[in-house]
Every structure is written in C-alpha cells, then in structure tokens.
Amino acid sequence: VMNRWRPGLGARLLSALLFCFQCPAALSAQKLQISANTLGLMCLGTLNGEGNYAVSQHWSVGMSGKYNPFSYSMSEGQRQFQLRQRSLAAVARWWPWHVYSGWWLSGNARWQEYNFGGLLTETTEEGVRYGGGLTAGYTHMVSTHLNLEFGLGVWGGVKRYTVFSCPKCGTKLEDGMKTFIMPNDIIVALSYVF
C-alpha cells in the first residue's frame, strides 16, 4: 500500500515552506506571522505550520503545510492504522478589524496526498485531492508577539483515490475519481508575530 510514499519529500516541502518565511531583512514590524495548530499535532502526530504576511491592514496572504508519515499498530502488528498525509495550501485571510487580531475569514487552494484507514474500519484509502476551502476564526492577542487562534474550516474539490481492504494487505477494492466536501481544520493554534 502507498508505493508512491516517500517520507523525505514531505520534510523537504515543509523546510521549503519555512525557508520562504525566513527573510527578516525585508520585513517591518508586525508583518509576518508563523503558527502551528496544536490540535493538528495531537491528530496522530500531524506536523503542521502556517506562515502569513500582512499585505494591508485587513489582508494577509500565506502558505500552510501538513505532514504525517506515521503508521501505528494496536497490538504486536495485528492491526495497523494511519492518517498519513502531505498537504500544501495557498491562503488569503481577511481581517475586518486589523490584521493578526480579532475575527477573520480565509480562503485557500489546497493539494493533499493522503493514506488513511484502519481506525474505524479495516479499509484504507489513499490518493490525491485538489480543491479549495473556507475557514473562519478568531485570533486573541496574548502579548505583543504571541497570539492564540481558534477556527473551523471546510474544503471540497476532486480526489483520485484507491480503496484497499486493509492497511497492510494491499488488496484493491475500488478506485476512481470523484468530488468531495469535508472538514478541513479545527484550529487551536499558537502563533508568533514578527
């Protein structure tokens, strides 16, 4: 299962994303925000990060990424489950009051390669999704540079997928292409504003 999965690629994508936002010489105060969703990390160890740059008082643009290469076994290799993924998104946020503070609404264009299964049923699905989504939330200013964010999101698009009978055996049950709509993020994030 998941013959295309190369764990090193996700780490390189996340490193490239973080590198894009490491240019402090060109930045002025309160222009850059880097955040990590703590709930995402608790979701079977999904590493994640988002970087945003303020382009005006009410708009910020950025990139986000998620990476999870982990598979888990319940007992001595008898039952395996995973929520593996590589995901990148381009994000635009609108802030009605002021950037990096208060309520916000964001739109995103997202790509995701995934392999999940074994949790609720024995079947496993893997594939690639392309689409867009909407997220709404609130950012609480804890201090001059530290914020706490809360949000909910949904996304939809097209997926090319394959369903297998179990996480380990690789017996194909179904494959194809179809549309989807699903939750995208439940956000409880810590963010640092430069």
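**Entry 1**

I began with the pairing of β6 and strand β7 (residues 124-141), which is antiparallel and runs over 16 bridges. I note that the model is a predicted one. Within this pairing I looked up Arg 110 and found its bridge partner in β7 to be Gly 131. I then turned to the hairpin of β6 and β7, where six residues stand between the strands. In that hairpin, Gly 118 has a positive phi near 85 degrees.

I followed β7 to its pairing with strand β8 (residues 146-164), again antiparallel, with 18 bridges. Gly 131 has Gly 157 as its bridge partner in β8. The hairpin that β7 and β8 form has four residues between the strands.

**Entry 2: the loop between β5 and β6**

I next examined the loop between β5 (80-94) and β6 (102-117), where His 98 lies. I recorded His 98 as partly exposed, because its relative accessibility is 34%. From His 98 I checked the separation to Ala 54: 44 residues in sequence, and 10.0 Å in space from C-alpha to C-alpha.

Tyr 100 also lies in the loop between β5 and β6. I recorded Tyr 100 as buried, because its relative accessibility is 3%, under the 20% cut-off. The phi of Tyr 100 is positive, near 65 degrees, in a residue other than glycine.

**Entry 3: Leu 44**

Leu 44, a residue other than glycine, has a positive phi near 55 degrees.

Terms used. Residues numbered from 1 in each chain as written. Predicted model: local features only at pLDDT ≥ 70, side-chain atom pairs only at ≥ 80, totals over all residues. Heavy atoms only, no water. Helix = DSSP H or I, 4+ residues; strand = E, 2+ residues; numbered from the N terminus. Buried < 20%, exposed > 50% of the residue type's maximum accessible area, 1.4 Å probe, protein only. Pairing = 2+ DSSP bridges.
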